[in-house]
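User: I am new to this structure and would like to learn how to read it. Please take me through it feature by feature.

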Amino acid sequence: MRNITNFKASDEYRNAIHNLIPGGSHTYSKGDDQFPILSPAAIVRGKGSHIWDVDGNEYLDCSMGLTSVSLGHAYEPVLDAVRNELENGVNFQRPSALEKEMAETFLALVPGHDMVKFSKNGSIVTTAAVKLARAKTGRDLVAFPVDHPFYSYDDWFIGKTACNKGVPEAISDLSVTFQSFNIDSLRELFAKHPGQVACVITEPEKGNYPHLPADFNVADFLKQAIELCHENGALFIADEMVTGFKTEFPGSITKYGITPDMATWGKGIANGFSFCALTGTKDIMEMGGIRNTGEEKVFLISTTHGGETHGLAAAIATIKEYQNKNVIAHNHQIGRKLAELCQQLVTESNLSAYIEVVAAEWMPFFVFKDKSGAVSQGFRTLFMQEMIKRGVLFQGAFVPCFSHTEEDVYYFAKAFGESLKVYQEALETGYEKFLVGEPAKPVFRRTL
Ligand SMILES: Cc1ncc(COP(=O)(O)O)c(C=O)c1O
């Protein structure tokens, strides 16, 4: 078991970076306020399922680039494809010929969808889906689940969060919410805003939702939600950013046999390279085209870097790996084993009342509670600190990738078991006695 105590270079990095980059990173969830003090501030390299920080410390990676790295860091077949493409140049005055191959390859995976647009970030494609829905229906309101973490950094989503400063109220008022996976709540929303809702955008499933009953039927909910949308003249958008290439190949829409009007894809589909996609039916997607002479033009996605060739090459290579190897089965086996071992350790330690193991095979998730049984950021951060000390960069979830091995799972479980001992003691005395520094803070908070 590693015993990581040297964070000297990390501390220097932490001290300098906030003078240079607001937030200290380019994703709030990678920021210093999301981790304990005794943690790596920046990563130098990764290979397979392991990463190395600026002090040279080695970690088992659990989040895999916020779920974007589905095969493994620096995964050779993807790197080969990227290297080959780099030799040809990456951006031209006209589209790269690879765009056609990419479009055909991706659309072959998504039943019922006829057209695709690429972009570099997920927020761009979710916002594009919302725009198309508004254009198609001529309505203004956009609906999404109030208790889901993230759909876009654009105003239609951020305006509804706790940190909505800078977003005009007039914009926030155009977003309306319902309780996730609750058909009655969605029905109430349509009743409250008759003829006004352009679309519902939702992740098709969440692994980390312990409040849903074990026998909750996701397929039924999704089918009912689509029907309800269509009865009310609204479109249904499945956001597969997290679920895509994880719950199934290509995602939950095939797992549950649904055809949303549009779907959005990103993390995982190009093994960490920047490549995202919006897919949809022809009647909707064609609105963003230039062929329907005389019709009003919808300015859909238009970005300089959206068709960058090495991103396309990475995505095509990633898809080939999924097609030729049993990536989903491997990843789910890793997820199942890890959740099973951890649940056993929690039960043996009599900690079931304080640590919940949510055993979603595609992304096991852990809930940490204090002595009173309340979910606790302090206890979660303490657990992170203890796992990090043992060489596991853990934040509360485990995202299995094709490079994770059974050995990694046993290593994780060993670190988990040792961290449980500290947790047990902290339950008696309070986490403050063991945690160095402050607990992690929610990303979406009104004040700093
Ligand atoms: C469900 C979901 N949709 C959309 C996004 C936005 O993706 P991106 O960060 O690539 O803009 C995210 C990112 O976390 C997400 O989790």
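User: Into which domains is the chain divided?

Analyst: Domain bounds come from an automatic or database domain assignment. Here the chain is divided into domain 1 (8–74 + 326–433) and domain 2 (91–307). Their C-alpha centres lie 29 Å apart. Residues are numbered from 1 along each chain as its sequence is written. This is a predicted model, in which local features need pLDDT of at least 70, side-chain atom pairs count only at pLDDT 80 or more, and totals for chains, interfaces and linings use all residues, while side-chain values use heavy atoms, with hydrogens and water left out.

User: How many residues of domain 1 are in contact with domain 2?

Analyst: Contact means heavy atoms within 4.5 Å. By that rule, 17 residues of domain 1 touch 16 residues of domain 2. Buried area is the accessible area (1.4 Å probe) that two parts lose on being put together, summed over both. For these domains it is about 1,400 Å², 63% of it on carbon and sulfur atoms. On the domain 1 side, the elements giving two or more residues are helix H2 (64–67), helix H13 (327–348), strand E11 (355–358) and strand E12 (365–368). Such helices (H or I, at least four residues) and strands (E, at least two) are DSSP runs, numbered from the N terminus.

User: How many salt bridges are there between the domains, and how many in the whole structure?

Analyst: A salt bridge is a side-chain nitrogen of Lys or Arg within 4 Å of a carboxyl oxygen of Asp or Glu. The count between domain 1 and domain 2 is zero, while a search of the whole structure finds 21. One of them joins Lys 136 and Asp 283, with the closest N and O atoms 3.8 Å apart. This pair links distant parts of the chain, 147 residues apart: Lys 136 is in helix H5 (residues 122–137) and Asp 283 in helix H11 (residues 282–285).

User: How do I read a sheet, and what is the strand order in the sheet of seven strands?

Analyst: Strands of a sheet pair through backbone hydrogen bonds, either parallel or antiparallel. Two strands count as paired if DSSP finds at least two bridges between them. The seven-strand sheet is open, with mixed pairing and the order E4-E10-E9-E8-E7-E5-E6. Its edge strands, E4 (115–119) and E6 (175–178), each pair on one side only. The twist averages 20° from one strand to the next. Strand E9 (residues 262–265) pairs with strand E10 (residues 276–280) in the antiparallel sense over four bridges; the partner of Thr 264 in E10 is Leu 278.

User: Which strands does helix H4 touch?

Analyst: Helix H4 (residues 98–107) packs on the sheet against E4, E9 and E10, and its direction makes about 120° with that of E4. Axes are lines fitted to C-alpha atoms, for helices over the stretch in contact, and angles run from 0 to 180 degrees between N-to-C directions. Helix H9 (residues 218–231) lies across strands E7 (197–202) and E8 (235–239), at about 145° to E8.
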